[in-house]
Amino acid sequence: MKRIIVTGGCGFIGSNFIRLFLEQEPNLQIVNVDCLTYAGNLENLKDLESDSRLSFARVDITDPESLQNLFLEPVDSVIHFAAESHVDRSILDSGPFIRTNVLGTQILLDLAKKASVRKFVHVSTDEVYGSLGANGFFTETTPLAPTSPYSASKASSDMLVKSYCHTFGFPGVITRCSNNYGPYQFPEKIIPLFISNILEDIQVPVYGDGLQIRDWIHVTDHCSGVYAAWKSGVAGEVYNFGGRCELTNLELTTTLLNLMDKPKSLIKFVQDRPGHDRRYAIDCAKAEAGLGWKPVISFQKGIADTIRWYQENREWVARVKSGAYREYYQQQYGSRL
Ligand code: NAD
Ligand code: TYD
C-alpha cells in the first residue's frame, strides 16, 4: 500500500482532509505527522482511531532527526498542512511562525526530495498576496505582498517550494485558499470564536470598524481542492481556491447573531488588529479549469451546519479552550472584554 505523509493532520483543515482522503482513497496508508501544539488535537480524528490505514507520529517538523525516521520506508507523497496559522498570534510572537512555517517546510522539503516523492502538496493561503482594494481578485500571478508575520512566513515557504521545483525539478504543487470555516476549527478564529461566545451570551470582539472583507469557503470544499491538487495538480503550479462568498466581518457577525437568535448588543467593537488587511477575494478559475474543482457548499448551508456542530460539541470547545489557549485568550482579549 502506498504511504502518504500528511503533516498537521490533528488541526482543523488537516483532520477534515484526512477524513475526506480516506473516503476517496480506500487503498492508501496515511501517516499523520503532528507535534500537537495548542491547535492540534488527536480528538479531531477520534472517529478514525480504529482505522488501520491511519497511523499517527507525534513529530515536530522542525526536528530533522525525528522526521527522517518517517522517510525510512518509501513515501509516495507529502501533503503539508502543518503550520502556525493564526495572524493575531504571529503579531504577538513571530518566532514559532518562522520556525514551523519556514524552517519546518525547508526540513520537510529536503527529506521529501531525498526520498524522491512523487508529489508534494504545499497548503498555503491567499494571505500571501496581501490586501486588495475595493475591486479585483487575487489570481495565481498576483505578486506576493504579505503584510503580517503569519503571511510573510507562508509566502517564504511558498517561495522555498517554488525554488525547489525550479532548481531540482521537485514535484511541488502549491495551493492558496481563502478563509475556511467548519467543524473542528480552533475557537480563536472569528467564526468558531464568535459562535462559542454567542452560545454563552459573551460579547464578540469585532476589530476596528468591522468592514474588512473575507472570502469564506467551507473546509470540505478546501479539502476537495487539496485532494484534486494531489490527484492532478501539475508540478511547479499554484492553484487558488475560494468560496466566492465575500462578507464584511460585520455582515458575518450579524448573520451569526440572527441565525442564533441573539441580539446585536453582543457586538463589541474593539481596537483594530495592527496592519489589518482590508479585503481578500479569490479568482479560482484556474483550479476550476485545471483541476475540475469548484466549491459546492453554499454559505447558507455551511454556516447553519457549522453553528449546529458547535452547539452539539460544546464539550469539545471547552476542552480545547482549557490549557494553553486560556492563557492566550486572557492575554489577547482579557483587557478588551
Ligand atoms: P491549525 O492551526 O488548526 O492546525 C495546524 C496543525 O499543525 C496543528 O495540528 C498543529 O499541532 C500542527 N503543527 C503546528 N506546528 C507543527 C510542527 N512544528 N510540527 C508538526 N505539527 C505542527 O491550522 P489550519 O487552520 O488547519 O491550517 C492548516 C494549513 O492550511 C496551514 O498551513 C494554513 O496556513 C493553511 N490555511 C488555513 C486557512 C484557514 O482559514 N484556516 C486558509 C488557507 C490556508
Ligand atoms: P481570522 O479568523 O483571525 O482569520 P484571518 O486573519 O486569517 O483572516 O480573522 C478573520 C477576520 O475577522 C479578520 O478580518 C479579523 C477579524 N476578527 C475580528 O474582528 N475579531 C476577532 O476576534 C477575530 C479573531 C478576527
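## A well-covered helix

Let's start with α6, a helix that is mostly covered: nine of its 10 residues are buried. Which residues of α6 are buried? They are Ile 191, Pro 192, Leu 193, Phe 194, Ile 195, Ser 196, Asn 197, Ile 198 and Leu 199. Keep in mind as you look around that this is a predicted model.

Just after α6 comes Asp 201, which takes a positive phi of about 60°.

## Around ligand 2

Now let's turn to the ligand. How many residues surround ligand 2? There are 19, and the closest are Glu 127, Pro 205, Asn 249, Arg 273 and His 276. Sorted by class, this shell holds nine nonpolar, five polar and five charged residues.

A polar side-chain atom of Glu 127 is 2.5 Å from one oxygen atom of the ligand. In Asn 179, an N or O atom of the side chain lies 2.9 Å from an oxygen atom of ligand 2. With Ile 190 the backbone takes part: one of its N or O atoms is 2.9 Å from an oxygen atom of the ligand. Taken alone, ligand 2 exposes 500 Å², and the protein buries 97% of that. Our helix returns here, too: α6 (190-199) and β8 (204-207) are the elements that give two or more residues to the shell around ligand 2.

## Two nonpolar cores

In soluble globular proteins, nonpolar side chains tend to be buried together. In this model, the largest nonpolar core has 67 residues. Phe 17, Phe 21, Leu 67, Leu 70, Phe 71, Val 78 and Ile 79 touch the most other members of that core. Leaving out residues up to four places away in sequence, Phe 17 touches Val 6, Ile 79, Phe 81, Cys 223, Val 226 and Tyr 227.

Most residues other than glycine have a negative phi. Leu 36 is not a glycine, yet its phi is positive, at about 60°. Where is Leu 36 found? Look in the loop between β2 (28-33) and β3 (54-57).

Arg 244 also has a positive phi, near 50°. This residue sits in the loop between β10 (238-241) and β11 (246-248). Is Arg 244 buried or exposed? Arg 244 counts as exposed because its relative accessible area is 54%, and the cut-off for exposed is over 50%.

Key. Residues numbered from 1 in each chain as written. Chains lettered and ligands numbered in written order. Predicted model: local features only at pLDDT ≥ 70, side-chain atom pairs only at ≥ 80, totals over all residues. Heavy atoms only, no water. Near = heavy atom within 4 Å. Polar contact = N/O pair within 3.5 Å; in protein donor to acceptor, adjacent residues only side chain to side chain. Areas by Shrake-Rupley, 256 points an atom, 1.4 Å probe, with all protein chains shown as cover. Helix = DSSP H or I, 4+ residues; strand = E, 2+ residues; numbered from the N terminus. Nonpolar A, V, L, I, M, F, W, Y, C, P; charged D, E, K, R; others polar. Buried < 20%, exposed > 50% of the residue type's maximum accessible area, 1.4 Å probe, protein only. Core = buried A, V, L, I, M, F, W, Y, C linked by side-chain atoms within 4.5 Å. Contact = heavy atoms within 4.5 Å.
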